[in-house]
Amino acid sequence: MSFNHFDERGQAVMVDVSGKTPTMRTAVARATVTMKPATLAAIIEGRMTKGDVFAVARLAGIAAAKKTPDLIPLSHPLAVHHAAIEFRTEPDSGRVEIEATVKAFERTGVEMEAMTAAAVAALTVYDMCKGTEKGIVIGELCLQYKEGGKSGIYRREG
């Protein structure tokens, strides 16, 4: 089975995974959002004018995991079986860590779904808070962990 990413004319094509055996796939991605401590305090205390920032960002991230093939042209449509978004806050520094976990029983990994979920959750935090603070920074979007498939387990160090 060939896994070329280009056709005979040199055009990008979706990788052929039809011959692969489905396995349980899991991926965890992380994004960070940094803002003024006062803005994060307002989020935690429920004082943002647009509403519950983390609830809306959680739903946006989950929806994004399911819509990844609509956004990333060569990613495969997958039946996402689990998607979750968690938030860890550091009130003194104004830092929010977003962790997205995605699982599916599929022929290809769910790394892009997890990364997209974390990114869209972070963008939603920005959108929900931009009326209060324009200087919010979204940073460090990365894959933390993945398992399943031929390549096995990957765990980010550090």
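Helices (H or I, at least four residues) and strands (E, at least two) are taken here as DSSP runs, numbered from the N terminus. The structure is a predicted model, in which local features need pLDDT of at least 70 and side-chain atom pairs count only at pLDDT 80 or more, while totals for chains, interfaces and linings use all residues. Residues are numbered from 1 along each chain as its sequence is written, and side-chain values use heavy atoms, with hydrogens and water left out.

Two strands are said to pair if DSSP finds at least two bridges between them. Five strands make up an open sheet with antiparallel pairing, in the order β2-β3-β1-β4-β5. Its edge strands, β2 and β5, each pair on one side only. Between β1 and β4 the antiparallel pairing extends over eight bridges, and A29 has L143 in β4 as its bridge partner. Strand β5 (residues 154-155) pairs with β4 over two bridges, again in the antiparallel sense, with Y154 of β5 standing opposite K146. Six residues separate β4 from β5 in a hairpin, and G148 in the turn has a positive phi of about 110 degrees.

The helices come next. Helix α2 lies across β2 and β3 and runs at about 145 degrees to β2; axes are lines fitted to C-alpha atoms, for helices over the stretch in contact, and angles run from 0 to 180 degrees between N-to-C directions. Helix α3 (residues 111-129) has 19 residues and reaches 27 Å from its first C-alpha to its last, close to the 27 Å expected at 1.5 Å a residue. That expected span is 1.5 Å times one less than the number of residues.

Burial is judged by relative accessible area: under 20% is buried, over 50% is exposed, and partly exposed is in between (1.4 Å probe, protein chains only). The buried residues of α3 include A114, A118, A121, V125 and M128. With contact meaning heavy atoms within 4.5 Å, the buried residues of α3 pack against β1 (23-34), α1 (37-44), α2 (53-71), β2 (82-90), β3 (95-106) and β4 (137-147).

A nonpolar core is a set of buried Ala, Val, Leu, Ile, Met, Phe, Trp, Tyr and Cys residues joined through side-chain atoms within 4.5 Å. The largest such core has 32 residues, and I98 and V125 have the most contacts inside it. At least two residues of this core come from each of β1, α1, α2, β2, β3 and α3, with α3 giving the most, eight residues. Leaving aside neighbours within four places in sequence, V125 is in contact with V33, M35, V53, A57, F87 and I98.

Charged side chains complete the picture. A salt bridge is a side-chain nitrogen of Lys or Arg within 4 Å of a carboxyl oxygen of Asp or Glu, and by this rule the count comes to nine. E45 and R47 form one of them, with their closest N and O atoms 2.6 Å apart; E45 and R47 are both exposed. Another joins D70 and K67 at 3.4 Å, N to O. These two residues are three apart in helix α2, which means that about one helical turn separates D70 from K67. D70 is exposed at 58% relative accessible area, whereas K67 is partly exposed at 47%. R88 and E97 also meet in a salt bridge (2.6 Å, N to O). Here R88 is partly exposed, at 40%, and E97 is buried, at 16%. Salt bridges link R88, E90, R95, E97 and E99 in a network.
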